Amino acid sequence: EKVLSLMITLRKLGLKKGDKIAILADNIPEWIIADMAILSIGAVVVPIYHKTSEKVLTYILKDSGVKAIFSGNKENEELLNKVKHKASKLKYVLTFDDPYMKTFLSVKDLEEAEKNKVVIKDKDIATIVYTSGSTGIPKGVILTHQNIISELEPLVLAMNITQKDVVFSFLPLIVVLKILI
């Protein structure tokens, strides 16, 4: 329900398929909710490490053309306030404390969501993951939905993973492996 509510909110803001939406947060449940809502509207997830520097954050926002970003805490919000004017395409800074994260859906909302389903194709971009920049400026790696599926299928088969399995990960949610989990 939270994913659907956030998906509707993103649409009401005018965000759509192909738009880039970043998540700047540490490992919290809302990260997953935002990730799923972004993908549900056909937008592209741009995960950003929550301890990134001002310089790297500015570069990623400008390079990727992010239109909206989710901020996970006050520290991230302060950093975003310093750099958001440098990213010309950035229109929305969203926080996980905002009311849309706790909204209950009406029947009308559910009908509208059903009516406005987005068709996502294998070749559509799912995410742009930036490298750490340890050898220079960070580089954005574009992954399509098919890229992710082609990595996931052999993993599921090799490890005999089922829907009953529970996965524990200590990795930051920006790591590509999280997409597969």
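This is a predicted model: local features need pLDDT of at least 70, side-chain atom pairs count only at pLDDT 80 or more; totals for chains, interfaces and linings use all residues.
Let us start with helix 2, which covers residues 29-40. Helix 2 has 12 residues and spans 17 Å from its first C-alpha to its last, close to the 16 Å expected at 1.5 Å a residue. Six of the names to look for here are W31, I33, A34, D35, A37 and I38, which are buried in helix 2. As you look at their numbers, keep a general idea in mind: an α-helix has 3.6 residues a turn, so residues three or four places apart point the same way. Just after helix 2 comes G42, with a positive phi of about 80°.

Helix 2 has a packing partner in helix 1, residues 2-12. Two packed helices are described by the angle between their axes and the distance between the axes. For helix 1 and helix 2 the angle is about 55°, and the axes are 8 Å apart. That angle makes helix 1 oblique to helix 2. Their crossing is right-handed.

Which residues of helix 1 meet helix 2? On the helix 1 side they are K2, V3, L6, M7 and L10. On the helix 2 side they meet I33, A34, M36, A37, I38 and S40. Notice that I33, A34, A37 and I38 are also among the buried residues of helix 2.

Now move along to helix 3 (residues 54-64) and helix 4 (residues 74-83). Their axes come within 10 Å and cross at roughly 65°. The crossing of helix 3 and helix 4 is right-handed.

**An aromatic pair**

The structure holds 1 aromatic pair. Its members are F70 and F96, and their rings are stacked, with 5.5 Å from centre to centre and 5° between the planes. What does this pair tie together? F70 lies in strand 3 (residues 68-71) and F96 in the loop between strand 4 (92-95) and helix 5 (107-115), so the pair links parts that are 26 residues apart in sequence. Are these two residues buried or exposed? Both F70 and F96 are buried. For F96 the relative accessible area is 6%, and anything under 20% counts as buried.

With 27% relative accessibility, Y59 counts as partly exposed. Leaving aside its neighbours within four places in sequence, Y59 is in contact with Y130, I137 and P138.

I137 sits in the loop between strand 5 (125-130) and strand 6 (140-144). At 52% relative accessibility, I137 counts as exposed. V56 also has a place in this picture, as it lies in helix 3. Its relative accessibility is 21%, so V56 counts as partly exposed.

How do separations along the chain and in space line up?

| Pair | Apart in sequence | C-alpha to C-alpha |
|---|---|---|
| I137 and Y59 | 78 residues | 8.3 Å |
| V56 and I137 | 81 residues | 7.8 Å |
| Y59 and S40 | 19 residues | 26 Å |

Reading across the rows, I137 and Y59 are 78 residues apart in sequence but 8.3 Å apart in space. Y59 and S40, on the other hand, are 19 residues apart along the chain, with 26 Å between their C-alpha atoms.

**The end of helix 6**

Our last stop is helix 6, residues 145-159. Helix 6 has 15 residues and reaches 21 Å from its first C-alpha to its last, close to the 21 Å expected at 1.5 Å a residue. As background, most residues other than glycine have a negative phi. N160 is placed in the loop between helix 6 and helix 7 (176-180). With a relative accessible area of 62%, N160 is exposed.

Methods
Residues are numbered from 1 along each chain as its sequence is written. Side-chain values use heavy atoms; hydrogens and water are left out. Rings of Phe, Tyr and Trp (its six-membered ring) pair if their centres lie within 6.5 Å; planes under 30 degrees apart count as stacked, over 60 as edge-to-face and the rest as tilted. Helices (H or I, at least four residues) and strands (E, at least two) are DSSP runs, numbered from the N terminus. Buried means under 20% relative accessible area, exposed over 50%, partly exposed in between (1.4 Å probe, protein chains only). The expected span of a helix is 1.5 Å times one less than its number of residues. Axes are lines fitted to C-alpha atoms, for helices over the stretch in contact, and angles run from 0 to 180 degrees between N-to-C directions. Angles under 35 degrees count as roughly parallel, over 145 as roughly antiparallel, 65 to 115 as roughly perpendicular and the rest as oblique. A crossing is left-handed if the near helix is turned anticlockwise from the far one by less than a right angle, and right-handed if clockwise. Contact means heavy atoms within 4.5 Å.
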